[in-house]
Amino acid sequence: MKTVKTAVLLAVAAGISACTPAVDKTSDGHVSDGKSLHLSNLEAGIWVDPQGCEHWIIDDGLEGYADLRRTPDGKPVCNSDLPRNVATGPFKEGSTFGDPI
């Protein structure tokens, strides 16, 4: 009985510890360059995947962000005229953190 109570207590503790506040993922949270920017303040580029679908990309030198590009009705933007597996645009602009690559 003691083992069952311990197992239940550990399961409840694990469940409660998983209930953390939601993290704001719209903000660039690193502090390496002394700034923490909202992602809308950074310049985005476009990467086309092998299937021809476009993705918004941002690279601030320390972290990278990507999201599927969608039409206003929520459908993915695919069959792009842009070259596949290539990133285009100023996606490394907006950060003072140097990117050696």
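Asn85 sits in the loop between β3 and β4. Its phi is positive, about 60 degrees, although Asn85 is not a glycine. The model that shows this is predicted.

**The chain as a whole**

- The chain has 101 residues, and 22% of them count as buried.
- Its accessible surface comes to about 7,300 Å². Carbon and sulfur atoms account for 61% of that surface.
- Take the contacts between residues at least 6 apart in sequence: 52% of these join residues at least 24 apart.

**The helix and its surface patch**

- Helix α1 covers residues 2-17, and Val8 is found there.
- Val8 forms a nonpolar patch on the surface together with Val4 and Val12. The three residues together have about 250 Å² of accessible area.
- Val8 counts as partly exposed because its relative accessibility is 47%, which falls between the 20% limit for buried and the 50% limit for exposed.

**The sheet**

- The four strands form an open sheet in the order β3-β2-β1-β4, with antiparallel pairing.
- β3 (64-68) and β4 are the edge strands, and each pairs on one side only.
- In general, strands of a sheet pair through backbone hydrogen bonds.
- β1 and β2 run antiparallel and are joined by four bridges. In this pairing, Trp47 stands opposite His55 in β2.
- β1 and β2 also form a hairpin, with five residues between them. Gly52 lies in the turn and has a positive phi of about 95 degrees.
- β2 and β3 run antiparallel too, with five bridges between them. Here Asp59 stands opposite Gly64 in β3.
- β1 (residues 45-48) is joined to β4 by two bridges, and this pair is antiparallel. Ile46 has Thr88 in β4 as its bridge partner.
- β2 is largely enclosed by the rest of the structure, because five of its six residues are buried.

- Ala87 belongs to strand β4, which spans residues 87-88.
- Ala87 has a relative accessible area of 35%, so this residue is partly exposed.
- Leaving aside neighbours within four places in sequence, Ala87 is in contact with Ile46, Trp47 and Ile57.
- Ile57 is 30 residues from Ala87 along the chain, yet their C-alpha atoms are separated by 8.1 Å.

**The disulfide**

- One disulfide is found in a search of the whole structure.
- Cys53 and Cys78 form this link, with their sulfur atoms 1.9 Å apart.
- The two cysteines are 25 residues apart and link distant parts of the chain. Cys53 is in the loop between β1 and β2 (54-59), while Cys78 is in the loop between β3 and β4.
- The link of Cys53 and Cys78 is right-handed, with 90 degrees about the S-S bond.
- Cys53 counts as buried because its relative accessibility is 14%, under the 20% limit. Cys78 has 29% relative accessibility and therefore counts as partly exposed.

**The salt bridges**

- The whole structure holds two salt bridges.
- Arg69 and Glu54 meet through their side chains in one of them, at 2.3 Å from N to O.
- That pair links distant parts of the chain, 15 residues apart. Arg69 is in the loop between β3 and β4, and Glu54 is in strand β2.
- Glu54 has 6% relative accessibility, so this residue counts as buried. Arg69 counts as partly exposed, because its relative accessibility is 25%.
- Asp73 forms a salt bridge with Lys75, and their closest N and O atoms are 3.9 Å apart. Both Asp73 and Lys75 are exposed.

Notes
Residues are numbered from 1 along each chain as its sequence is written. This is a predicted model: local features need pLDDT of at least 70, side-chain atom pairs count only at pLDDT 80 or more; totals for chains, interfaces and linings use all residues. Side-chain values use heavy atoms; hydrogens and water are left out. Patches are made of residues with over 30% relative accessible area and no salt bridge: like charges are joined within 9 Å, nonpolar side chains (Val, Leu, Ile, Met, Phe, Trp, Tyr) within 5 Å. Accessible areas come from the Shrake-Rupley method with a 1.4 Å probe; for residues, only the protein chains shown count as cover. A salt bridge is a side-chain nitrogen of Lys or Arg within 4 Å of a carboxyl oxygen of Asp or Glu. Buried means under 20% relative accessible area, exposed over 50%, partly exposed in between (1.4 Å probe, protein chains only). Contact means heavy atoms within 4.5 Å. Two strands pair if DSSP finds at least two bridges between them. A disulfide is a pair of cysteine sulfur atoms within 2.5 Å.
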